[in-house]
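Please examine the sequence and the structure shown below. The paragraphs that follow lead through selected parts of the fold.

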Amino acid sequence: MSIDARTWLDQVPPYRPGRKALTEDGSMASNESPFQVSSNVAAAITHEISHIHRYPDPLADSLRHALAIEHNVDPDQILVGNGSDELIFLLAIAFLAQRGHAVCADPAYLIDKISTLIVGGRVTQVPLKDWKHDLDTMRDVPAEIGYVVNPHNPTGTTHRFQEISEFVHTCRSQLVVVDEAYVDFADDPDSITAMPLARSGEAAVLRTFSKVHGVAGLRIGYLVAHADVITTLRKIRAPFSVGTLAQAGALAALQDPAHKSRSQAHTRALRSQVQDALREAGLEIVPSQANFVLALAADESGLVDRLSEHGVSVRPGSSLGLPGTVRVSVPSAGGLQLLRKALGLPDASTPPVLSSH
Ligand SMILES: *Cc1c(COP(=O)(O)O)cnc(C)c1O
């Protein structure tokens, strides 16, 4: 074969997914929900199977209208995508191709960086300060897109709405994209979400069904932004990127607030127990508002291997741009016991209030 990939693809780092655990309980590498999908979502998907000889609704209209009501925005301000990752790639194609410029944190959410490099854009990464975005420094970088991940992955740190709003109004990025994949796990999501800025068209907000709604395998997320941004992205998207089953499952998830509340309550309770366990094991942690906890570990690979021997799979920080750390996703109640055992700790004295079954 005599075809070479575009030269700029040489600098694209590979995405390395988390290692699969031996058991469900031991899966703590990919920030997935430890819950089985709700029966409402399963029923909606089963029902929809009778329609999959047809193409999906290109714009996911039922879901889009339900989301418009949920967030009090115009339906034309919403684009549903094949995971929020697809939407990040569309943003890159539209606004960063051919030497466009993105500013993001270091470490960034890897997809933000990869998508920019893939379209021949440039990335300026600004090191975190106290494990948070250094918004004061990011503000002064001229860019087409400024990415803020709130809560951040892999640190779990947050910025309050006031800080985000001030950044949006003073920064030299033309469009600020706030990725809120984990916002529902925060103790007070309303105090940090940038949704009011998306509603007014001043910023863009990314949300996903992969985390709090627990359907990562369906691949569905959405962007809320100024209608002009959505119109541009519609032009370049693949018309049928979001499958019928994903649309039906997401709509059912949205209409199942009890499952969402259970997922939030479980995550908040177990997050604090994961933090306690890591601290008891002598590790320093970064207090988290997401469904994972970052622990500092000088011997990163030693810790990853030790946990792995006990069937616990976590994410090595070096694969996330933070060597000397490990990221532990909030697991099931059974997973917490596995983790404690793997860390050489006794069983938790108070059993978790909520089980995952
Ligand atoms: C998990 C995650 C997402 C979700 O991506 P999907 O493609 O919707 O599954 C988005 N952003 C960040 C920062 C994440 O960690």
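Which residues in H3 meet which residues in H8? On the H3 side they are Leu 90, Leu 91, Ile 93, Ala 94 and Phe 95, and on the H8 side Val 229, Thr 232, Leu 233 and Ile 236. Sorted by class, this contact has eight nonpolar residues, one polar residue and no charged residues. The model discussed here is a predicted one.

Two packed helices are described by the angle between their axes and the distance between the axes. Helix H3 covers residues 83-95 and helix H8 covers residues 227-236; their axes come within 9 Å and cross at roughly 95°. Because an angle of 65 to 115 degrees counts as roughly perpendicular, H3 is described as roughly perpendicular to H8.

A polar atom of the Thr 208 side chain lies 2.9 Å from the backbone nitrogen of Ser 210. Beyond the neighbours within four places in sequence, Thr 208 is in contact with Ser 84, Ala 181, His 213, Ile 220 and Gly 221.

One of these partners, His 213, is placed in the loop between S7 and strand S8, which comprises residues 221-224. With a relative accessible area of 11%, His 213 is also buried. Apart from neighbours within four places in sequence, His 213 is in contact with Thr 208, Ala 253, Leu 254, His 259 and Lys 260. His 213 and Ser 38 are 175 residues apart along the chain, yet their C-alpha atoms are separated by 9.2 Å.

Leu 303 has its place in helix H11, residues 300-309, and is buried, because its relative accessible area is 6%. When residues up to four places away in sequence are not counted, Leu 303 touches Leu 283, Ala 297, Val 326 and Leu 343. Pro 239 is 64 residues from Leu 303 in sequence, and the C-alpha atoms of the two are 45 Å apart in space. Pro 346, in the segment after helix H12 (333-342), is exposed, with a relative accessible area of 56%. The C-alpha atoms of Pro 346 and Ala 277 are separated by 9.7 Å, and these two residues are 69 residues apart along the chain.

What of the cysteines? A disulfide is a covalent bond between the sulfur atoms of two cysteines. A search of the whole structure finds zero disulfides. Cys 104 is in no disulfide, and the nearest cysteine sulfur, that of Cys 171, is 13 Å away. Seen from Cys 171, the closest cysteine sulfur is in Cys 104; the distance of 13 Å is too far for a bond, because the two sulfur atoms of a disulfide must be within 2.5 Å. Cys 104 counts as buried at 2% relative accessibility, and Cys 171 counts as buried at 12%.

A cis peptide bond, with omega about 0°, joins Asp 106 and Pro 107. Pro 107 is placed in the loop between strand S3 (101-106) and helix H4 (110-118). A cis peptide bond also joins Asn 150 and Pro 151, with omega about -5°. The location of Pro 151 is the loop between strand S5 (143-149) and helix H6 (161-170).

Positive phi values in residues other than glycine are found at Arg 99, where phi is near 70°, and at Asp 130, where phi is near 50°. Arg 99 belongs to the loop between H3 and S3, and its relative accessible area of 56% makes Arg 99 exposed. Asp 130 is found in the loop between strand S4 (122-127) and helix H5 (135-138). Asp 130 is exposed as well, because its relative accessible area is 68%, and exposed means over 50%.

Note on methods:
Residues are numbered from 1 along each chain as its sequence is written. This is a predicted model: local features need pLDDT of at least 70, side-chain atom pairs count only at pLDDT 80 or more; totals for chains, interfaces and linings use all residues. Side-chain values use heavy atoms; hydrogens and water are left out. A polar contact is a pair of N or O atoms within 3.5 Å; within protein, one must be able to donate a hydrogen and the other to accept it, and residues adjacent in sequence count only if both atoms are side-chain atoms. Contact means heavy atoms within 4.5 Å. Buried means under 20% relative accessible area, exposed over 50%, partly exposed in between (1.4 Å probe, protein chains only). Axes are lines fitted to C-alpha atoms, for helices over the stretch in contact, and angles run from 0 to 180 degrees between N-to-C directions. Helices (H or I, at least four residues) and strands (E, at least two) are DSSP runs, numbered from the N terminus. Angles under 35 degrees count as roughly parallel, over 145 as roughly antiparallel, 65 to 115 as roughly perpendicular and the rest as oblique. Ala, Val, Leu, Ile, Met, Phe, Trp, Tyr, Cys and Pro count as nonpolar, Asp, Glu, Lys and Arg as charged, and the others, Gly among them, as polar.
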